[in-house]
Amino acid sequence: MEAFPRIEEEPAESSHRDTELALLGRGQGQSLDMDMEVEMEANSEQRKMSKKITKGGLITMPFIIANEAFEKVASYGLLPNMVLYLIQDYHLGVAKATNILFLWSAATNFLPVVGAFLSDSYLSRVLTIGLGSITSLLGMILLWLTAMIPTTKPPHCDLSTQSCKAPTTSQFALLYSSFALMSIGAGGIRPCSLAFGADQLDNRDNPKNERVLETFFSWYYASSALSVVIALTGIVYIQVHLGWRVGFGVPAILMFFASLLFFVAFPFYIKHKASGHLFTGFVQVLVVAYKNRKLAFPPRNTNGWYHHSKDSKLVVPTDRLRFLNKACILRMPERDINPDGSASNPWSLCTVDQVEELKALIKVIPIWSSGIMMSIVTSSQTSFPVLQANSMDRHLSSSFEIPAGSFSMFLVIVLFLWVALYDRIILPLASKIRGKRVRLGVKQRMGIGLFLSGLAMVVAAIVENVRRRKAIQQGFLNNSQALVGMTAMWLVPQYCLLGLAEAFNAIGQTEFYYSEFPKSMSSIAASLFGLGMALANLLATVVLSTVDHLTSRGGKESWVSNNINKGHFDNYYWVLAVMSAINLLYYFLCSYFYGPCVEQGTKVSDEGKSLDGENELAKLSNGARDEVESLKDDEKLSKFKDEVECLKDEEELSKLRQSPS
């Protein structure tokens, strides 16, 4: 009888152990399954990360730069001889042909601004460049068809009657359509290519990111300059020697390759989506800030008073242009904010990002305006130096003579060479000599460029004064076509200085805008320089007309007379030099009041620290708290720690004094 319980116990224990083993095995199996799932998820994440890593980078640069370069070669190569095509083949007068080309150039210069807004607000950069490439290709094909199909142009003039038929409405429509499509295409490609290329390289976590972007901007600008050189030499040569059919066909073929190369690399691009209606956001900020103009500002160094997007890095706006901060102040969160975190009425509440985007645009306008003067100086070198060179000895040897219109190539050549030397030789050599990294700040480079452009006008004025005196001494006062015994190579120094000015200021401007603007405004940053050039061309006309009007009063010979020897081009250059000097002082003021190049607001990662700091600051005396709040962030933290330690020591002393012992 006693063995029975023992016999019964043993199976019970065995069963219990079996159950434990089964449960243990099942648990281990579940744990193994979970480990496998975690490992698979990790591998999946790694595969995703590896795919992300392959996006962007240097592999995309040839495709992006080639797209922009081919577009520039094709479009710039069409402009120089277009006036001859309109006069000879369309039987237009010089005035009408010139007006058509002026409107085409104006549209090509201003449409990039429109393209930048569309890119940043609606389409995204990659889509804007793609559509721009296709549109520009269609425009060049239409222009090529006008040369290939005889019925698209008026018939040849009747030599016997000396009569020429004017173009019909449909023929004009085809010609204008080609110009319009090419301008629209340029408006899509030019403002986005630079920013899109920077998107592929921009990695804010990389300590060498600033250097990488600077190198990219330099080489991008140099490749653009080289494209212009090829356009003004190779394409023009083809048109003159092989005719319009081949001359218009080659740019169309180049544009086809530009579009093809861009779309071939499409899977490798980093593609940022459009950030929303950027221009509408600017207007909303102004409207809401005005509506809230009587609203009091919240206490400083406090969070939760401003509306920001969930994925935004900024939770508190900067103090610059503080009146605009009222556009993002929360008054009644339960009424103003939707469940998804968006504003219930965007015309009553804006985000911190919207406010900072408008601030960034407003802040750079003064510095941007200072660059217009340099563009006025550069535009003045497209006509007067040609007249000067035409009256001077241009021979390099007995058999080779430089064309008068080719001296501007020295500007582009110097620009290209300087970028290569500055990036590869000058900076590394200076760093090696000083034993530390040497780099000129972006605002320093912009200032140097403005100084060099003014110096170029001083040199130009001196050279022209010498040339004019020699012409008068040699008896050529009334003969502007006579060849003065002076080599035209004296014109090269002013072009070299202008090339250096472009290298410093133009590249500096582009880098400045891109670094100061949020990523959502990158295309606008890239188009601001082009907008300045377009405005400078118009202002250059105003300056020239004013000088001509004022100096020709009372029957006097104008400084910009048709007779270069009777006029005073040197005085005109001195006027530009004085204006450049005044503009340089204006730039210094703008740069001083602008302050540091990058101003950081309060970020999400700092939000918790700020809240913790506020709780601890509340424990301090009022005087100490006011003192702490007036300090900078680093000083505030150090002072804060000292005060807390003092409070702790005082509490310990108080406890010791109150203790019975």
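Modeller: Buried means under 20% relative accessible area, exposed means over 50%, and partly exposed lies in between (1.4 Å probe, protein chains only). This is a predicted model: local features need pLDDT of at least 70, side-chain atom pairs count only at pLDDT 80 or more, and totals for chains, interfaces and linings use all residues. Residues are numbered from 1 along each chain as its sequence is written, and side-chain values use heavy atoms, with hydrogens and water left out.

Biologist: Why does Leu452 count as buried?

Modeller: Its relative accessibility is 12%. The cut-off is under 20%. Leu452 therefore counts as buried.

Biologist: Where is Leu452, and what does Leu452 touch?

Modeller: Leu452 is placed in helix α15. Helices are DSSP runs (H or I, at least four residues), strands likewise (E, at least two), and both are numbered from the N terminus. Leaving out residues up to four places away in sequence, Leu452 touches Leu497, Leu500, Ala501 and Phe504. Contact means heavy atoms within 4.5 Å. Gly499 lies 47 residues from Leu452 along the chain, yet their C-alpha atoms are separated by 9.1 Å.

Biologist: How do you know that the reach of α15 is close to that expected?

Modeller: The expected span is 1.5 Å times one less than the number of residues. Helix α15 (residues 442-473) has 32 residues, for which 46 Å is expected. From first C-alpha to last, α15 reaches 47 Å. The two values are close. Just after α15, Gly475 takes a positive phi of about 80 degrees.

Biologist: How do you know that the span of α18 agrees?

Modeller: Helix α18 (residues 569-594) has 26 residues, so α18 should span 38 Å. Its end C-alpha atoms are 37 Å apart, which agrees. A glycine comes just after this helix too: Gly595 has a positive phi of about 85 degrees.

Biologist: Is Thr378 buried or exposed?

Modeller: Buried, because its relative accessible area is 19% and the limit is under 20%. Thr378 is found in helix α12 (residues 372-380). Residues up to four places away aside, Thr378 touches Leu498 and Glu502.

Biologist: Why are α2 and α8 called roughly antiparallel?

Modeller: Axes are lines fitted to C-alpha atoms, for helices over the stretch in contact, and angles run from 0 to 180 degrees between N-to-C directions. The axes of α2 (residues 61-78) and α8 (residues 244-264) cross at roughly 165 degrees and come within 8 Å. Under 35 degrees is roughly parallel, over 145 roughly antiparallel, 65 to 115 roughly perpendicular, and the rest oblique. The pair is therefore roughly antiparallel.

Biologist: What makes up the contact of α2 with α8?

Modeller: Among the residues making the contact are Phe63, Phe70 and Leu78 of α2 and Phe248, Met255 and Phe262 of α8. The residues of this contact divide into 15 nonpolar, three polar and one charged. Here Ala, Val, Leu, Ile, Met, Phe, Trp, Tyr, Cys and Pro are nonpolar, Asp, Glu, Lys and Arg are charged, and the others, Gly among them, are polar.

Biologist: What makes α2 roughly antiparallel to α6?

Modeller: The axes of α2 and α6 (residues 169-201) cross at roughly 155 degrees and come within 10 Å. That angle makes α2 roughly antiparallel to α6. Residues in the contact include Glu68, Glu71 and Lys72 of α2, with Arg190 of α6. The contact of α2 with α6 divides into nine nonpolar, five polar and four charged residues.

Biologist: Why does Ser124 count as buried?

Modeller: At 11% relative accessibility, Ser124 counts as buried. Ser124 is placed in the loop between α4 and α5 (125-148). Its phi is near 85 degrees, a positive value in a residue other than glycine. Most residues other than glycine have a negative phi.

Biologist: What phi does His91 have, and where is His91?

Modeller: His91 is not a glycine, yet its phi is positive, about 60 degrees. Its place is in the loop between α3 (82-89) and α4 (94-123). Beyond neighbours within four places in sequence, the contacts of His91 include Pro154, Pro155, Cys157 and Cys164.
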